[in-house]
Amino acid sequence: MTAHPVSGDTQTGREAHAPPKAPPPPACLYTGHVMHMRLRPKRHQFRYRVWSLMVDIDRLAEMDAQSRLMRLGRFGLVSFALADHGPRDGSPLRPWVEARLAEAGRPPPFRIALLSMPRLLGYVFNPLSVYFCRDATGALESVVYEVKNTFGDQIAYALPCQPDHDGRTRHAHRKDMFVSPFIAMDETYCFTITDPAERLAIRIRQGDAQGDTMIATQTAHALPFSDRMLAGLLLRHPMLNLKVIAAIHWQALRLFLKGVRFLGHPGPDRVFRPPASAKAHPRNMPSHKGLARQSNHG
């Protein structure tokens, strides 16, 4: 069965003069792998299967109407809750996303699709959720990365999308929130993404002036959103969200046993960097050179 991703591919040539296409479905599913590879000071790598939901945040009710398994804002075997994202108070997500984009000088989008893991039996922890923001033609113009740590903190990085010659978008931002007790704050995130369609690919290189500290990837293929597909994913990965949080702590223990220095929590007044000079300084950014030579571990 062919998936119909929540995307908005632009039309060119004769297709541009064809009758307008119907809007994409309100939601789709992505199944694949997450990989983390620690490079310094000790090498460490792990990889596991995950699945995610991609949903148009303005069409949540449509998604809800299409499924008996997926519950919107209610407890269920699998559910989506507005309170897990954005302002985390249960209010609509679009105003929050547009505010983050405005702070970064980005225009308000025509369509916003959110990639995240849904709740399973009422629980979820999303280390990274991504808002893909499109203009009226369907072109991907901005991305908002919503990052959480296990201490309950959250930060958003809103960045422009300007594809390179290979179709991938590369952009960077200084690390502005404490995430791992094994990685210092004085680092930069370098993101590489493809416009999600039948395939999803996200790569994050984290490092400082000495080079990369860690590489993380998520790669997946799309599935249509349906109760049949949801049931299959639930049968194959019944404890996905518990596995994610357990894996975070298990890999932290393995790093500690390998002798990686434990930095601890910086204290409530040092979780976030001051807002001034929030964007990454080029001198502190790991170079994007050599990306083509990096192997895809996803």
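Helices and strands here are DSSP runs, numbered from the N terminus. With that settled, let's start. This is a predicted model.

First, the overall picture. The protein has 4 helices and 13 strands. There are 298 residues, and 50% of them count as buried. Take the contacts with a separation of 6 or more: residues 24 or more positions apart account for 60% of them. The accessible surface comes to about 14,800 Å². Carbon and sulfur atoms own 56% of that surface.

Rolling a probe the size of a water molecule over the atoms shows where empty space is left. In this model, the largest pocket has a volume of about 1,100 Å³. Its lining has 45 residues. Which of them are closest to the centre? They are His-36, Pro-127, Val-179, Met-214 and Ile-248.

What is the lining made of, by class? It has 27 nonpolar residues, 15 polar and 3 charged. Several elements each supply at least two lining residues, including strands S1 (27-38), S2 (44-56) and S13 (211-224). Helix H4 (240-257) is also one of these elements. Which element gives the most? H4 does, with 7 residues.

So let's stay with H4. This helix has 18 residues. From first C-alpha to last, H4 reaches 25 Å, close to the 26 Å expected at 1.5 Å a residue. Its buried residues are Leu-240, Asn-241, Val-244, Ile-245, Ala-247, Gln-251 and Leu-255. Keep the helix repeat in mind as you look at those positions. An α-helix has 3.6 residues a turn, so residues three or four places apart point the same way. What covers the buried residues of H4? The cover includes S1, S2 and strand S6 (119-120). Just after H4 comes Gly-259, with a positive phi of about 95°.

Next, helix H3, residues 227-236. Its buried residues are Met-229, Leu-230, Gly-232, Leu-233 and Leu-234. They pack against S1, S2, strand S3 (70-72), S4, S6 and S13. Arg-228 also sits in H3. Is Arg-228 buried or exposed? It counts as exposed, because its relative accessibility is 61% and the cut-off for exposed is over 50%. Arg-228 and Leu-69 are 159 residues apart in sequence, but their C-alpha atoms are 9.3 Å apart in space.

Last topic: backbone exceptions. Most residues other than glycine have a negative phi, and most peptide bonds are trans.

Where is the cis bond? The peptide bond from Arg-40 to Pro-41 is cis, with omega near -10°. Pro-41 lies in the loop between S1 and S2.

Then two positive phi values. Arg-88 is not a glycine, yet its phi is positive, about 60°. Arg-88 is placed in the loop between strand S4 (78-80) and helix H2 (94-103). At 34% relative accessibility, Arg-88 counts as partly exposed.

Leu-121 is not a glycine either, and its phi is about 55°. Where is Leu-121 found? In the loop between S6 and strand S7 (128-134). Leu-121 is exposed, with a relative accessible area of 53%.

To finish, go back to the pocket on your screen. Look for H4, which gives the most to the lining. Then look for Ile-248, among the residues closest to the centre.

Conventions
Residues are numbered from 1 along each chain as its sequence is written. This is a predicted model: local features need pLDDT of at least 70, side-chain atom pairs count only at pLDDT 80 or more; totals for chains, interfaces and linings use all residues. Side-chain values use heavy atoms; hydrogens and water are left out. On a 1 Å grid over the protein atoms alone, a cavity is a set of points where a 1.4 Å probe fits but cannot get out, and a pocket is an open set with protein on both sides within 12 Å along at least five of seven lines; lining residues have an atom within 4 Å of a point. Grid points are joined across faces, edges and corners, and a volume is the space filled by probe spheres set on the points. Ala, Val, Leu, Ile, Met, Phe, Trp, Tyr, Cys and Pro count as nonpolar, Asp, Glu, Lys and Arg as charged, and the others, Gly among them, as polar. The expected span of a helix is 1.5 Å times one less than its number of residues. Buried means under 20% relative accessible area, exposed over 50%, partly exposed in between (1.4 Å probe, protein chains only). Contact means heavy atoms within 4.5 Å. Accessible areas come from the Shrake-Rupley method with a 1.4 Å probe; for residues, only the protein chains shown count as cover.
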